[in-house]
Every structure is written in structure tokens, then in C-alpha cells.
Amino acid sequence: NAEESERVPKEHLEFMLSKCGGDRNHDYYRVCVLGDAPSGDENSYILYKWIMDSVERHAGRDVPVTGVRVAGLDVGGTSDPSSYVELCGNWVSNFTNYNEPSHLTLAEKVSVMYKESRCNAIAVDANGLGYDVPELLRKYGVLVYPVKAQDGSPDVAYERMRDYLIGVLKKRLEEGTIDIPNDPDLILELATVSAGISDRTGRIKISKKSDMKKAISKVRDAG
């Protein structure tokens, strides 16, 4: 709790509170200052405790210097950044957001980071806006595996590929087999994921991206 720390200047606390409209119960303030769970945690698909345990393990480890290193890229839209991540074993070694509308420039920047980190391959969300990015990355010599999030799930318990992938992440966080960096926006996005059962198929279906955006809109506004 930063409010109880003698090292945190009062001015910084006042600044953080002003970003949240003076609301100490604002999720951004709860996570970044108070060290509490987001207010909607009891309804979350991924528990806040699992997330913070993962963050704590990440902070207590050295950066792996050996092992297979893979990357992932979720191509953003006009109002969302593109998210790039690198994973070495069970350790997330890089998490970067790009506010880059040009897919050509995005591919160039990602390829540079990919090669500097000596990644072995990258998975790219090739649905919708990101349809052309895999081919652009290949032109820079990157080994690309396109992933179509709207395709069917390889596991019959889930509705779509997107639902399955988030389910796999949930399981790894619950089991403690993945360590993520202390990024407030990443933590809040994970903590606001919700799920239900499809009326049509009876399978697990993760909340729509638009619903997740609404759930974290206060965080984006505060940032």
C-alpha cells in the first residue's frame, strides 16, 4: 500500500488520485496505489490472486538467458494499441504496446525487436485488422504462425480459438506455470475477463472484446 509508505511523496499520491477523479475505489488507484484487487474481482474469470502471485514470481526471478523464446502479436485498431509479448519458458520477458496505425511500420518495429531478442517464432492474430501483418513480417525474415481467434476451438469445452487460448492462460496462472511483469494495465485487463456458457453450444465463451473494453474504460481514461 503506497499510502502507508514513507518513500512515496504525498504529491505523487495526490497526482494519482486526481487521475482517478478523486475516487480511491477506482480500479486504477486500487491496483497501482493501494495494492488491492479490482472491485469486480469476484466476478472475474481469472482471479486477481493468481495474477499477483504470477507478478511476484516474475519480480523474484532473473531474466532467462537460455531456452526457446517465442513471441506473440495482437494487432490493434484505431483506438487500441498493438500488443507484443515474448515468452521464454514460463517467463514473460517482454510486454510492449505499439500505438502504430501503419501495419508496415508496425511489422518493421516488431521484426527488429524479434531479432534483437533472438526469438524462434511469432504467433500473430490474423483475424480482421491483422490479416496482412503475417505476410509483412515474413518479408523481414520472421517465422510467423498466423492464429485466427474466431476459428473453432481445438478443445470441445470452448466455443472459439480465442476462448480456448484465454482458458489456457487462466489454467497456467492458476497452476503457477507462467510469470508476468508488473504492468498495471495488463493486470487490470486480465482481472476484468469474464466468461459464460454459450446458449447455442453449451461451451465456455469469454466475454466480447467490446464488453472488456467497457470494463476497463476507466483505466484507459485515467491513463
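Buried means under 20% relative accessible area, exposed over 50% and partly exposed in between, with a 1.4 Å probe and protein chains only. The model is predicted, so local features need pLDDT of at least 70 and side-chain atom pairs pLDDT 80 or more, while totals for chains, interfaces and linings use all residues. Residues are numbered from 1 along each chain as its sequence is written, and side-chain values use heavy atoms, leaving out hydrogens and water.

**Exercise 1.** Find where Arg 118 sits, and decide: is Arg 118 buried or exposed?

*Solution.* Start with the loop between helix H4 (103–116) and strand E4 (121–125), where Arg 118 is found. Helices (H or I, at least four residues) and strands (E, at least two) are DSSP runs, numbered from the N terminus. Next, check the backbone: phi of Arg 118 is near 60°, a positive value in a residue other than glycine. Finally, its relative accessible area is 72%, so Arg 118 is exposed.

**Exercise 2.** Work out the strand order of the open sheet.

*Solution.* Follow the pairing, which needs at least two DSSP bridges between two strands. Five strands give the order E3-E2-E1-E4-E5, with mixed pairing. Strand E3 (91–98) and strand E5 (144–147) are the edges, each pairing on one side only. Now look at strand E1 (residues 69–74): four bridges join it to E4, and the two run parallel. Gly 72 stands opposite Ala 123 in E4.
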